[in-house]
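Q: Hi! I'm new to this one, could you walk me through it?

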Amino acid sequence: MHHFKLSFIVPCYNGFDKLRRLIEDFKNLDNQSEVEFEVIIIDDGSDTDFDDVLEHNHFLYKKANGGVSSARNYGLLKAGGDYVIFIDCDDTIVNSTLSLIYDAVINNKSDVYVFSHHYIDNEKVVKKVNKNIAEVPSDVILEMVLNKKVLFHNCAMVYKKNYLEKNILQYNENLKYSEDVFFILTAINKAKKVTVTEKVFYHYIDNVNGAINQSFDKKMLNQLHTFDLIKKIEVSKEQCKSLNYFVFTCACHSLVRAFKAKKYDENVLIAFIQYSRKISFPYFLNTDKYYIFCLFVRFFSHLPTSLLVRIKRLIN
């Protein structure tokens with residue numbers, strides 16, 4: 001296949017100013033004659049209507065509010081591309097996106113493509129760059145993902161649409177946190193071939209002052225359900241240790257977020273502390289910086305709960 005069509009699926013709930021910025025990114029994409037693209041915008045029940053005039057290949061659908069997973073799944077039903085990409089409306093893509101994707105997928109038989117990405121925090125750019133690994137069995141990439149040797153982001157993934165349809169792969173609409181992680185791991189696990197590339201077309205803009213970074217309340221308990229589902233992903237016996245390690249890294253991030261949050265529910269914090277203690281931790285797995293960080297959190301989380309709660313109170 002030398003000519004193909006890309007579907008960019010963009011869920012949106014309010015936040016139209018940021019959506020307009022992303023639409024400008026689409027308008028400014030460099031031409032790639034072999035790539036046709038469409039933009040599927042799913043308005044997930046915003047308070048007002050988005051009434052801007054759109055380009056001929058931009059399609060806007062409004063539905064009752066059901067959450068971001070529901071919006072992504074709805075967009076997947078409407079997509080007509082050979083490949084699909086899920087893009088959040090508050091982030092950005094580079095002008096050369098079409099060429100970067102074309103170069104990665106042309107003459108490639110992978111079902112899933114893991115692109116690198118940039119993380120932008122208060123204008124500080126952190127480059128999350130992977131090494132090029134083309135068309136390898138999915139279990140090889142899954143092992144690398146679980147051990148943090150391959151980094152991913154929901155919006156820096158490219159999927160063959162017929163692969164998602166054939167395997168009935170959708171976002172779990174009952175999950176509110178880390179639903180994208182569960183989806184990506186499942187998609188990689190079920191694929192025959194996966195490609196990882198150093199190419200970057202997506203920039204994640206972290207809103208440090210956003211509500212999701214400022215609070216840690218009862219809604220977060222839903223994430224523990226996501227962790228449970230991740231642990232149940234069917235992997236080889238040899239990969240079980242790596243899967244447990246990955247879940248613990250997710251719990252580590254949640255604990256760090258809990259201790260940073262200005263608003264928090266003490267009982268929810270305790271629930272995450274207790275959950276992290278129950279996860280089997282693979283000692284002496286490796287010696288990279290990320291593993292050492294997780295090892296520190298492991299020991300920290302086993303301090304007396306009352307002491308950890310007092311530490312959190314002092315931080316606030």
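A: Happy to! Keep in mind that this is a predicted model.

Q: Good to know. Which residues touch the most other members of the largest nonpolar core?

A: Those are Tyr 159, Leu 185, Ile 188, Ile 230 and Phe 246, in a core of 66 residues. Helix α9 gives the most to this core, with 11 residues.

Q: Is there a second core, or what else is there? Which residues does it include?

A: There is a second, separate core of 36 residues, and Val 10, Phe 50, Ala 104 and Ala 156 are among them.

Q: Back to Ile 188: buried or exposed?

A: Ile 188 is buried, with a relative accessible area of 0%. It lies in helix α6, residues 179-190.

Q: And what does Ile 188 touch?

A: Setting aside residues up to four places away in sequence, Ile 188 touches Val 112, Val 114, Ser 138, Ile 141, Leu 142, Val 145, Met 157 and Val 194.

Q: Switching topic: how do α9 and α12 cross?

A: The axes of α9 (residues 240-260) and α12 (residues 305-315) come within 9 Å and cross at roughly 50°. The two helices are therefore oblique to each other.

Q: Which residues make that contact?

A: From α9 they are Ala 258, Phe 259 and Lys 260, and from α12 they are Leu 308, Ile 311, Lys 312 and Ile 315.

Note on methods: Residues numbered from 1 in each chain as written. Predicted model: local features only at pLDDT ≥ 70, side-chain atom pairs only at ≥ 80, totals over all residues. Heavy atoms only, no water. Axes fitted to C-alpha atoms, helices over the stretch in contact; angles between N-to-C directions. Helix = DSSP H or I, 4+ residues; strand = E, 2+ residues; numbered from the N terminus. Parallel < 35°, antiparallel > 145°, perpendicular 65-115°, else oblique. Contact = heavy atoms within 4.5 Å. Buried < 20%, exposed > 50% of the residue type's maximum accessible area, 1.4 Å probe, protein only. Core = buried A, V, L, I, M, F, W, Y, C linked by side-chain atoms within 4.5 Å.
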